[in-house]
Amino acid sequence: MSEIQEFSELIVSHSNADMDSLAAMAAANKLYPAAKLVFPDSPDSSVQEFITLHGGWLHIYQTKEIPLEKVKKLIIVDTREARRLGDLRELTEKQGVEIHVYDHHPTTYRDIVGDYNYIKQAGSTTTILMELIREKNLPIATYEATLFLTGIYVDTGSLSFPTTTPADLNAAAWLLEKGGDLKIVSDILNRPLSPLQRDLLKELILSGSFSQIEGHEILITKASIPYYTSDVSLLTQRILDLEKVHAVFSLIQMQKKIFLIGRSTLSAIDVSEICEEFGGGGHQTAASASLKGENLEKVEEKLIHVLKQKIKPSLMTQNTPQNLQKPILTVTLKIEDWRKVPEEILKLLKKTGEIAAEQNLNLFAAGGFVRDLLLGIKNLDLDLVVEGDSISFSKKLAETFNAHLKIHEPFKTAVLILPDRLRIDLAAARAESYARPAALPEVVGTTLKQDLTRRDFTINAMAVKLNPNDFGKLIDFFGGQRDLQHGMIRVLHNSSFSDDPTRIFRAVRYEQRYGFRMDPHTEKLLKEGVQSKVILKLSSDRIRNEMILLLSEKNPAPAIQRMGKLKILQLLHPSLKLSGTTLQLLEQIPETFTHYTEKLQGEKFDPWIVYALALFSELTSSEIEELLIKYRFTLKASQKVGFMKTNWHLLIHELSHSDPMEPSEISKKMQGISLEGILFFMAYSKNPFLKERLEQYLLKYKNAKLLISGEDLKKIGLKPGPVYREWFEKVKKEQLDGNLQTREQALEFLRRSLS
Ligand code: CTP
C-alpha cells in the first residue's frame, strides 16, 4: 500500500476523547477499514487506561504524525463541532476533503454539515454505529464487543441517564451476546480516583454552593489548580451522584483555562444549552466548555445569570395536590440521635404528637431544635410547626400541660410557657385549600415546606415529624443534613439576607459557634448585603438584640473578629474597629470567667456586657454614649457600662503601682464599678499588683458584710439621719483594713469614737 493511501482516510473524534469517542472510532473503523484513527489531543484518563490495559490491538495516531495534505476523507465521530477537532479542524475547511459525520449529539447552528451525515438520537454514538455494523452483518471480536459496550455504558451512565434510548439497550444486549466483558466495563466505570483527582474532588465539594433556581436544586462547585488534568468531568459526575441535587456545575481553573462542566438529571436543565453560552456544548445531561483568559469569579457570575435564564421552572413548585413534593431526604432518626434530649422533653414531644394525631393534624419540631438534635447538642427551645389550625391545637396543648398560653392571632403563632418554664413556640403552616389524603405518611404537605422555605439557612430548615406513626421522621428539603456534615452555613435563596438582614449576624454567629463556615455563594451574598448596608434598614432594637445575641455566645471573640473582617462592625459604628489589643482582651475573657465563676458563688452577671466592655474599650466616652443611645440599650445595661465614660485608665494605673495600699482605699476607688466591669478589668490586667487588688476586692471587700447595723447606732444613742451613713463608712473602712474583726470590736470602736 502506498503512503498516499495510508493516510488518505482518517477517523477522528472530539478533543479530550472519552470512552464513547474511542469506541465509536473503533466502530467506524469497521465501516472504513482503511482509515487511520487519530486523537486531536490527549484523551481522558479512562481512555488512556483502557488502551493500556485492554486496547493493545488499537493503533491511534497523534495529529502531528499525520501528513494532513494527504488526507482525502475525514470521518468524524461523536461530535459535529469543528472547534473540537483541534488542528484537524483545517481539514474541514479544505477543498477536496470528503467529510463523513456520525453523531448522536443534538443539532446546533455550529455543526459541520458533511458530505455524508448519519445523525441519530441515542445515548451514545457507539450505539448508532452498532446498528450499521449489524445491518451490514460485519463480524466483531469479543475484545471489540467489550470496547463498544464500555462506550455505551459510559455515555449512558450504565443505561440509566434520561438520554438512554431502546437502541442503546438493544445494542448493549447484542454486544453481550457477542462476548462483551462486563467486568472490564465495570472496572472502567468504577476506576478509583488518583490522589490528584481526590484532592480536586475534595476542593470542589468544599466550595459547593447550593441554590434553588426555578424550584430546582443546583450545585455550583469551583476549584483552581496549578496543573492541567484532563479528567475533570468524571469528578462532576461523581458529585452529582453524591449530592442529591438536580444539576451540578463545576468551574475549574487550570493554568490559563477555565473548564465548565455541567451535569443534569432533568430535561428542564439542559446543560448543553447552558454550556453553549460559554462556547461549549454536549448533551442535555452532560456538557462542557473551556474558556481562555477569563476570571473564575466573573465566569461564575455569568453562569448564575445564564442559569436563571435557561433553567425552566419545576412543576413541583406549583401548589397543587398532584405536586405534593417528596422531600429530598426523609430518614427516621435513630434512638441515639435523641440522646441529648432529656427524657421529659422526649415525653412531651411524643405527647404533643399524639394530641396532633387526635386532631388529624401533622406536627413537626423544626429549626434550631432539629439542628442541635442532629449535632447532639442539648437545646430546650422547642420550635413546633403544625399543619392546620394552630389556635385550637395550642389551646389543647395548654390545657394538657397546664401551660400559660399567649396567642398571636394575626400570625397564627402561639407561645406556651410550661409550669417548669419550658417554652414552646408554635407556628402554623397555613392550611391547604384542598384536602390532603391523611393516609399518606410518606407525603409531606407543601405547607410545611413553605414554612421551612422561609427560614434562614439549610441547617435551620429541617423538621422532624412528631405524629406517633412517623415519630422521628426527618424532613430535609434543602440538604440541611448534608450541610451539617460538611459544616456549611448556606442560605436557601439569594435574597435571604435582604429579606431579613438579621441573618447577617446569625450567619456569623452559627459559623463561629459550630466551627462551620459559610459556603462561598452565601458569603458573597452576605458581603453584597454588607456593602449595600441592608443592616441599617433594621430597627435599632433589632440590631441591639443581634449584638447581644452575638456577645452572648460562649466564646464570641472569633465571631466579633469575623464581624470586623466582614466590615459589619464598622457599619454599626465607625469607631468599632478591632485592634489587636481588643481582640486579645476578648480572647482572654472566657478564661477569666472560668477562673472566677465558681469563686463568685452564684453571684449573677451578664457575660455579654463584659464582652461589650472589651469591644468598647478603645472608644471615647462620647462614642460610647452615642452607641448606648443609638441602639437603645436598657438603663441597667447602660449603668453597668457607665464607668467606661469615666477615666478608668487612670483608675487602673493607680491600682497598678507597687506602693502599699489599704483595702479601704482600693474599695473606695472601685466604688460604682459593676461586677461586669471588675471582670473586664480582670481580663484586662496583666500587672500582678492590679490583679491581686482586683481579686481581693472582688472576693473579699466588695461584699464584706458590715459588722454593725442601724439598730446598733440607735442603741448607742445616735439619732437616725445622714450621719448614720458616715459612721457605716468609718466602720467599713476599719473593718476592711483589718482593724475590726468582730461585732464587739466594732461597737467598742463606735463607743470610743463617740465619747
Ligand atoms: N429563623 C429564620 N430567620 C431569622 C430568625 C429565625 O429563618 N432571622 C428561623 C430558623 O429556622 C431558626 C428558627 O427560626 O432555626 C428559630 O429562631 P431562633 O430561635 O432565633 O434560632 P435557633 O435556631 O433556635 O438558634 P439559636 O440556637 O441561636 O437560638
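What follows looks at the nonpolar cores and then at the ligand's surroundings.

## Before you start

Keep in mind that this is a predicted model.

## The largest core

Start with the greasy inside: the largest nonpolar core is made up of 118 residues. Within it, the residues with the most contacts are Phe-616, Met-670, Phe-680 and Phe-681. Helix 25, which spans residues 607-616, supplies the largest share of this core, with 9 residues. The core also draws at least three residues from each of two domains, domain 3 (338-532) and domain 4 (560-701).

Let's zoom in on Met-670. Setting aside its neighbours within four places in sequence, Met-670 is in contact with Leu-651, Leu-655, Ile-678, Phe-681, Leu-694 and Tyr-697.

## Around the ligand

For Asp-456, a polar backbone atom is 2.6 Å from a ligand oxygen. Asn-460 also uses a polar backbone atom, 2.9 Å from an oxygen atom of the ligand. With Arg-371, it's a polar side-chain atom that lies 2.9 Å from a ligand oxygen. As for how covered the ligand is, taken alone it exposes 570 Å², and the protein buries 73% of that.

Methods
Residues are numbered from 1 along each chain as its sequence is written. This is a predicted model: local features need pLDDT of at least 70, side-chain atom pairs count only at pLDDT 80 or more; totals for chains, interfaces and linings use all residues. Side-chain values use heavy atoms; hydrogens and water are left out. A nonpolar core is a set of buried Ala, Val, Leu, Ile, Met, Phe, Trp, Tyr and Cys residues joined through side-chain atoms within 4.5 Å. Buried means under 20% relative accessible area, exposed over 50%, partly exposed in between (1.4 Å probe, protein chains only). Helices (H or I, at least four residues) and strands (E, at least two) are DSSP runs, numbered from the N terminus. Domain bounds come from an automatic or database domain assignment. Contact means heavy atoms within 4.5 Å. A polar contact is a pair of N or O atoms within 3.5 Å; within protein, one must be able to donate a hydrogen and the other to accept it, and residues adjacent in sequence count only if both atoms are side-chain atoms. Accessible areas come from the Shrake-Rupley method with a 1.4 Å probe; for residues, only the protein chains shown count as cover.
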